[in-house]
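Open your viewer and get ready to select a few residues. We will take the stops one by one.

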Amino acid sequence: MIAATEIGFVRIRVSKVVGLNDGDHFCEFVVLNELDGDRHLVIQIGSAEAFALAASLGDVAWGRPMTYQFMAELVRSLGGRIREIRLDALVSGAYAATVEAEGPHGVELVDARSSDALNLAVLVGAPIVVALEMVEDSDQRQEGESAEAVLMRRALTTPPMTVRKAER
């Protein structure tokens, strides 16, 4: 099998989740950093996905499994594992992902939203790769003075979102 990094992919890691106020709206972004370079990928994600990802990055443990913990445990309990996450396509302007899962019947490629795949990757420690086209798209979206470009650039310098359990 050819490694994804040999055909136009770069290895990345989830760096942080940030929340930004844009006047009337609150927007959440995940910032991903290239492992062997200085490129970044900035992706706007939903509030629930941002909360879950920030909680995982902060090692917050819940009394009962949340959605992504449940997904990870379900895969494991069926004898499987997540081998790799690939951010590999643009679908209607949004980043799409492929989850490479291995189980008793072999390797399967599963289509996913990038935010769901990234949440799963952080929980199970799966490697993440991104297609060069996605990095270039993110770079292009950050250019200029559009509202999106300004927010994406702010996401790079904003401190990470933190999630803590309420004290009793």
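Here is a short tour of a predicted model, with something to select at each stop.

**Stop 1: the main core**

Begin by selecting Val-30, Leu-32, Ile-43 and Leu-87. These residues have the most contacts inside the largest nonpolar core, which has 36 residues. Which strand gives this core its largest share? Colour residues 9–22 to see: strand E1 contributes five residues, the largest share. As background, nonpolar side chains in soluble globular proteins tend to be buried together.

Now keep Ile-43 and show what surrounds it. Apart from its neighbours within four places in sequence, Ile-43 touches Glu-28, Phe-29, Val-30, Leu-32, Leu-87, Tyr-95, Ser-114 and Leu-118, all counted as contacts.

Next, select Cys-27, Phe-29, Leu-151 and Ala-155. They are among the nine residues of a second, separate core.

**Stop 2: helix H1**

Select residues 47–57, which form helix H1. Which residues of this helix are buried? Pick out Glu-49, Ala-50, Leu-53, Ala-54, Ala-55 and Ser-56. Then click on Asp-59, which follows H1 and has a positive phi, near 55 degrees.

**Stop 3**

Show helix H2 (residues 67–77) together with helix H3 (residues 114–124). At what angle do H2 and H3 pack? The angle is about 65 degrees, and the helix axes are 9 Å apart. H2 is therefore roughly perpendicular to H3, and their crossing is right-handed.

From H2, select Tyr-68, Gln-69, Met-71 and Ala-72; from H3, select Asp-116, Asn-119, Leu-120, Leu-123 and Val-124. Sorted by class, the contact of H2 with H3 has six nonpolar, two polar and one charged residues.

**Stop 4: one alanine in a strand**

Finish with Ala-112, found in strand E6 (residues 106–113). Is Ala-112 buried or exposed? Its relative accessible area is 18%, and buried means under 20%, so Ala-112 is buried. Beyond its neighbours within four places in sequence, Ala-112 is in contact with Ala-96, Ala-97, Val-99 and Ala-117.

Note on methods: Residues are numbered from 1 along each chain as its sequence is written. This is a predicted model: local features need pLDDT of at least 70, side-chain atom pairs count only at pLDDT 80 or more; totals for chains, interfaces and linings use all residues. Side-chain values use heavy atoms; hydrogens and water are left out. A nonpolar core is a set of buried Ala, Val, Leu, Ile, Met, Phe, Trp, Tyr and Cys residues joined through side-chain atoms within 4.5 Å. Buried means under 20% relative accessible area, exposed over 50%, partly exposed in between (1.4 Å probe, protein chains only). Helices (H or I, at least four residues) and strands (E, at least two) are DSSP runs, numbered from the N terminus. Contact means heavy atoms within 4.5 Å. Axes are lines fitted to C-alpha atoms, for helices over the stretch in contact, and angles run from 0 to 180 degrees between N-to-C directions. Angles under 35 degrees count as roughly parallel, over 145 as roughly antiparallel, 65 to 115 as roughly perpendicular and the rest as oblique. A crossing is left-handed if the near helix is turned anticlockwise from the far one by less than a right angle, and right-handed if clockwise. Ala, Val, Leu, Ile, Met, Phe, Trp, Tyr, Cys and Pro count as nonpolar, Asp, Glu, Lys and Arg as charged, and the others, Gly among them, as polar.
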